[in-house]
Amino acid sequence: MRNIKCIAIDDEPLALKKLVTYINKVPYLELVAECHSAIEAQQVINNQEVEAIFLDINMPNMNGMDFAKSLEDNSKGPVVVFTTAYSEYAIEGYKANSVGYLLKPYGFDEFEAAAQKVKEICEIRQQAMTEVTTQVDDNGTIYVKSDYKIVRIAIEHIRYIEAMSEYLRISCDDRNKPVVVLLSMKKIEEHLPSVKFMRIHRSYIINLDKITEVKKNHVVIEGDVSLPIGDNYKDTFMNYLNKKILTK
């Protein structure tokens with residue numbers, strides 16, 4: 001993966017210097033600007049690509065929380081990690097779609113853990129650069145865009161589909177790694193045959209042919225993967241299952 005372009009924002013010179021030092025120690029982070037205010041950072045974002053922001057909260061003029069909420073809330077917006085001396089901002093920080101919250105004084109290990117989360121998000125985004133359309137063809141396959149290429153997937157090999165924010169992870173029994181695509185659950189449901197696929201949770205669609213067990217509120221899929229059954233989907237799934245159970 002290419003380096004992640006990031007900026008550091010803090011109105012305190014010593015805190016900013018520490019943040020810059022830590023960023024420069026992480027090989028996959030590329031510092032493109034160090035800013036003393038959110039207003040200064042906005043000018044940077046307007047003029048060049050920024051993929052991640054390490055951001056103090058308590059700053060004059062515009063605080064970091066308001067600045068984060070003003071950013072694009074989609075796959076194109078920068079990934080945000082907050083830095084602050086005040087723990088009471090933690091819940092609000094996660095509501096602002098941040099992926100990390102560093103409580104001052106934080107050490108390099110904590111910073112590196114937050115940077116790793118940033119890397120994971122950026123990798124997923126990089127794998128799914130363009131929104132995907134899918135269609136099941138006559139041969140029972142779909143085509144999706146993933147990682148700068150078009151991937152052909154035979155639906156018979158799909159085990160389950162997992163939603164992660166605006167992305168999907170399609171797990172297949174003939175692939176070592178899931179296929180990651182930029183697509184909604186609703187969109188892919190429209191193109192999968194309902195006789196073979198069912199949504200059992202707001203985050204999961206399963207291939208009914210891949211079920212090995214059902215126990216309590218979980219479905220076990222081939223590969224010994226246990227997936228939860230959501231309350232809103234339980235009745236539909238159990239009605240399907242009851243029709244399949246052999247009785248005297």
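Me: What are the ground rules on numbering and confidence?
Reply: Residues are numbered from 1 along each chain as its sequence is written, and side-chain values use heavy atoms, with hydrogens and water left out. The model is predicted: local features need pLDDT of at least 70, side-chain atom pairs count only at pLDDT 80 or more, and totals for chains, interfaces and linings use all residues.

Me: How many helices and strands are there, and what makes a run count as one?
Reply: The protein has seven helices and 15 strands.

Me: How do you know that the length of α1 fits a helix?
Reply: Helix α1 covers residues 13–25, which is 13 residues. The expected span is 1.5 Å times one less than the number of residues.

Me: Which residues of α1 are called buried?
Reply: A15, L16, L19, V20, Y22 and I23. Buried means under 20% relative accessible area, exposed over 50%, and partly exposed in between (1.4 Å probe, protein chains only).

Me: Why are the buried residues of α1 said to line one face?
Reply: Seen down the axis, they fall within an arc of 165°, so they line one face of the helix. The arc is that of the directions from the helix axis to the C-beta atoms. On the other side, P13, L14, K17 and N24 are exposed.

Me: What puts the buried residues of α2 on the same side?
Reply: In α2 (residues 38–47) the buried ones are A38, A41, V44 and I45. They cover an arc of only 110° around the axis, which puts them on the same side of α2. The face turned away carries the exposed N46 and N47. In general, an α-helix has 3.6 residues a turn, so residues three or four places apart point the same way.

Me: What do the buried residues of α2 pack against?
Reply: β1 (4–9), β2 (29–35), β3 (52–56) and α3 (64–70). Contact means heavy atoms within 4.5 Å.

Me: Why are β2 and β5 at the edges of their sheet?
Reply: The open sheet has five strands in the order β2-β1-β3-β4-β5, paired in parallel. β2 and β5 (100–103) each have a single partner strand, so one side of each is left without a neighbour in the sheet. The twist averages 20° from one strand to the next.

Me: How do you know that β1 and β3 pair?
Reply: Two strands pair if DSSP finds at least two bridges between them. β1 and β3 have four, in the parallel sense. A8 stands opposite F54 in β3.

Me: What makes β13 and β15 edge strands?
Reply: Their open sheet runs β13-β14-β15, with antiparallel pairing. β13 (211–215) and β15 (225–228) each have a single partner strand, so one side of each lacks a neighbour in the sheet. Here the twist averages 25° from one strand to the next. Four bridges join β13 to β14 (residues 218–221), and V214 stands opposite V219.

Me: Why is β11 called mostly covered?
Reply: Five of its five residues, 197–201, are buried. A hairpin of two residues joins β11 to β12. Four bridges link the two strands, which run antiparallel, and M198 stands opposite I206.

Me: What share of the protein is buried?
Reply: Buried residues make up 46% of the 248 residues.

Note on methods: Axes are lines fitted to C-alpha atoms, for helices over the stretch in contact, and angles run from 0 to 180 degrees between N-to-C directions.
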